[in-house]
Amino acid sequence: MKNQATYNLRKEQDIKMGIELENKLLQLLLKQDAGWIKTTDIYNVVDFVNEDKKIIGELKSRKYICNHCEDWMIGVNKIQRAEALHSRGYTVIFYFAFYDGVWSWKYTPENLRVDTTIRNGGRVDRGINEIKKYYYISNEKMDFLTDKIKVPKIDPFPDCVF
């Protein structure tokens, strides 16, 4: 029961942080082009849509600095959705928010082949094993976007070991 309660609390905090960062990124995207909208379902595989330009955006938030690891995970389900959207003529951009800013990576079949590897990964810090297959994108292949949007460094669970 304790694991489920920890999981629920951490997941709730992660969702809240993700929504706040999505709203900040949306404001930045809107400064570049007024056609962006945010999807309304928090469990949607994509976070942002610009139908006028056929661009899809997805934000992943990580509680690290970008160069802490040599690569960063994105769920297989997200890549599969990107493949389907790309085949329909959409440009798909994955955004990664870290303690030190936001980076982006553009999905293309070629970038997927060259920039990524597949391996098991995930997290256990919410008290439940969430390990599964992920694509890992080399941080050297990601483009810096801004340092005006950052993952907050305040962890509501300071006694947990990561």
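Glu110 and Arg113 both sit in helix 3 (residues 109–115), three residues apart, which is about one turn of the helix. Helices here are DSSP runs of H or I with at least four residues, strands are runs of E with at least two, and both are numbered from the N terminus. The model is predicted, so local features need pLDDT of at least 70 and side-chain atom pairs count only at pLDDT 80 or more, while totals for chains, interfaces and linings use all residues. Residues are numbered from 1 along each chain as its sequence is written, and side-chain values use heavy atoms, with hydrogens and water left out.

The side chains of Glu110 and Arg113 form a salt bridge, at 2.8 Å from N to O. The term salt bridge means a side-chain nitrogen of Lys or Arg within 4 Å of a carboxyl oxygen of Asp or Glu. Glu110 is partly exposed, at 43% relative accessibility, and Arg113 is exposed, at 58%. Buried means under 20% relative accessible area, exposed means over 50%, and partly exposed lies in between (1.4 Å probe, protein chains only).

Across the whole structure, a search finds eight salt bridges. One of them joins the side chains of Asp14 and Lys63, at 3.1 Å from N to O. This pair links distant parts of the chain, 49 residues apart: Asp14 belongs to helix 1 (residues 2–32), and Lys63 to the loop between strand 3 (55–61) and strand 4 (71–75). Asp14 is buried, with a relative accessible area of 14%, whereas Lys63 is partly exposed, at 27%.

Another salt bridge pairs Lys148 with Asp147, where the closest N and O atoms are 3.9 Å apart. Lys148 is exposed, at 73% relative accessibility, and Asp147 is partly exposed, at 40%. Elsewhere, salt bridges that share partners connect Glu58, Lys60 and Lys78 in one network.

Glu58 lies in strand 3 and is buried, with a relative accessible area of 2%. The side chain of Glu58 also reaches the backbone nitrogen of Asp47, at 3.3 Å. Such a polar contact is a pair of N or O atoms within 3.5 Å; within protein, one must be able to donate a hydrogen and the other to accept it, and residues adjacent in sequence count only if both atoms are side-chain atoms. Leaving aside residues up to four places away in sequence, Glu58 touches Asn44, Val45, Val46, Asp47, Phe48, Lys78, Ile93, Phe94 and Tyr95, where contact means heavy atoms within 4.5 Å.
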